Amino acid sequence: MDQQGLAATRACDAARWNTLVEESATGNVTQTWEWGELRNLGPMHRLAVTGLDGRYLATMLMVEDRAPVIKRPFLYAPRGPVCDDPAGPALLLLWEA
């Protein structure tokens with residue numbers, strides 16, 4: 001937990017995740033919990049930042065893929081991340097986690 005009471009976690013909750021995606025101006029269907037369940041897209045990684053009240057302030061669903069020519073793995077966040085306040089500290093913590 002940082003000095004502002006924010007914490008990054010990979011142990012995410014579907015209901016809190018989708019609440020942020022649905023209510024945030026930066027939310028998109030490709031960042032919903034259910035999108036992360038689509039196995040044909042490859043391995044998924046979820047990361048969230050919580051406030052003192054346990055509410056999610058920022059989330060990012062990342063898809064793992066391989067670059068075709070160099071055969072190296074990479075992550076991308078389709079239409080993400082999702083954040084209540086893009087100028088606030090939660091987004092910075094999400095990137096650092």
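Q: C83 first: buried or exposed?
A: C83 is buried, at 4% relative accessible area; the buried class lies under 20%, exposed is over 50% and partly exposed in between (1.4 Å probe, protein chains only). This is a predicted model, where local features need pLDDT of at least 70 and side-chain atom pairs pLDDT 80 or more, while totals for chains, interfaces and linings use all residues. Numbering runs from 1 along each chain as its sequence is written, and side-chain values use heavy atoms, without hydrogens and water.

Q: Which residues make up the largest nonpolar core?
A: It has 12 residues: L6, L47, V49, L57, A58, M60, M62, C83, A90, L91, L93 and L94. A core is a set of buried Ala, Val, Leu, Ile, Met, Phe, Trp, Tyr and Cys residues joined through side-chain atoms within 4.5 Å. At least two residues of this core come from each of β2, β3 (56-66) and α2 (89-96).

Q: What does L47 touch?
A: Leaving out residues up to four places away in sequence, L47 touches T9, R10, C12, W17, A58, T59, M60, M62, L94 and A97, where contact means heavy atoms within 4.5 Å.

Q: What about the second core?
A: That core is separate and has 11 residues, among them W33, M44, L61 and V63.

Q: Switching to rings: how many aromatic pairs?
A: Two. One of them is W17 with W33, edge-to-face, with 5.9 Å centre to centre and 75 degrees between the planes. Both tryptophans, W17 and W33, are buried.

Q: What does the W17 and W33 pair tie together?
A: W17 is in helix α1 (residues 14-23) and W33 in the loop between α1 and β2 (44-50), so the pair links parts that are 16 residues apart in sequence.

Q: What lies over the face of W33?
A: R46 does, at 3.6 Å from the ring centre; the rule asks for NZ of Lys or CZ of Arg within 6 Å of that centre and within 35 degrees of the ring normal.

Q: Where is T30 found?
A: T30 is in the loop between α1 and β2, and it counts as buried at 12% relative accessibility.

Q: What does T30 touch?
A: With residues up to four places away in sequence not counted, T30 touches W35, L61, P78 and R79.

Q: What are the cut-offs for pairs, helices and strands?
A: Phe, Tyr and Trp rings (six-membered ring for Trp) pair with centres within 6.5 Å; planes under 30 degrees apart are stacked, over 60 edge-to-face, the rest tilted. Helices (H or I, at least four residues) and strands (E, at least two) are DSSP runs numbered from the N terminus.
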